[in-house]
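Reader: Could you walk me through this one? I'd like to go over a strand and its neighbours, and then the ligand site.

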Amino acid sequence: MMKEEPGKNNRTKNLIFIGQRGVGKTTLSQVLCGEEIRYQKTQTVQVKAHIIDTPGEFLERRMLNRSLLVSSYDADLVVLVEEANAVQMYFPPAFTSMFPAPAIGVITKTDIEPDITKARKRLEYAGVKTVFPVSCTTGEGIEAFRAFLREFGYDSGSGVK
Ligand SMILES: Nc1nc2c(ncn2[C@@H]2O[C@H](COP(=O)(O)OP(=O)(O)O)[C@@H](O)[C@H]2O)c(=O)[nH]1
Ligand SMILES: [Mg+2]
């Protein structure tokens with residue numbers, strides 16, 4: 001049997017997806033897991049393949065913001081999800097500073113709006129520096145995001161948490 005090196009953590013890392021309703025958090029988790037995309041309203045926090053998928057309401061309603069912090073307890077990486085075509089901004093300034101884990105951003109729906117300037121600004125305003133533009137419909141950008149996650153230590157295939 002392989003022995004784990006002392007102090008070395010070999011477990012796969014956990015991600016938490018945060019973003020307003022309808023930006024594509026659940027769809028993105030389905031794509032990462034290699035599942036067929038099907039619409040599923042996220043009513044509560046869902047954990048699958050080491051992804052903590054959260055309801056948009058947790059971000060949109062200030063009173064529920066704290067639930068995100070509680071939900072992120074097991075997360076190693078915070079993923080702020082914003083859609084390229086968003087009209088309203090929900091992330092408060094320096095939002096990521098409330099989480100102990102590092103944060104990155106994903107911009108979805110680049111097939112609808114290829115200009116990601118605004119979405120990137122919003123994510124930067126929230127405290128994110130690294131951003132991955134993707135389309136879950138065409139698959140564009142997904143490989144780059146996957147490669148980053150792999151490097152980070154996330155593996156969607158290592159079993160359901
Ligand atoms: N065109 C396009 N639609 C997307 C994309 N990602 C998600 N959607 C659609 O956006 C809607 C909301 O997605 P969902 O994953 O439920 O959003 P959530 O509320 O953030 O979990 C669904 O109808 C998805 O099919 C994308 O990259 N491109
Ligand atoms: Mg959802």
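Predicted model: local features only at pLDDT ≥ 70, side-chain atom pairs only at ≥ 80, totals over all residues.

Reader: How many residues of strand E5 are buried?

Author: Strand E5, which spans residues 103–108, is mostly covered, with 6 of its 6 residues buried.

Reader: And which residues lie on each side of E5?

Author: Ala-103, Gly-105 and Ile-107 are on one side, while Ile-104, Val-106 and Thr-108 are on the other, and both faces of the strand are covered.

Reader: In what sense do E4 and E5 pair, and over how many bridges?

Author: Strand E4, residues 77–83, pairs with E5 in the parallel sense over 6 bridges, and one of the contacts to look at is Val-79, whose bridge partner in E5 is Ile-104.

Reader: What about E6, how many bridges join that strand to E5?

Author: E6, residues 131–133, also runs parallel to E5 and is joined to that strand by 3 bridges; here Val-106 stands opposite Phe-132. Together with helix H4, residues 117–125, E5 and E6 make a right-handed β-α-β unit.

Reader: Switching to ligand 1, which residues are closest?

Author: Of the 18 residues that surround ligand 1, the closest are Gly-24, Lys-25, Thr-26, Thr-27 and Cys-136.

Reader: Which helix gives the largest share of that shell?

Author: Helix H1, residues 25–32, does, with 3 residues.

Key: Residues numbered from 1 in each chain as written. Chains lettered and ligands numbered in written order. Buried ≥ 20, exposed ≤ 12 C-beta atoms within 10 Å, placed from the backbone. Helix = DSSP H or I, 4+ residues; strand = E, 2+ residues; numbered from the N terminus. Pairing = 2+ DSSP bridges. Right-handed = clockwise from strand over helix to strand, strands pointing away. Near = placed C-beta within 6 Å.
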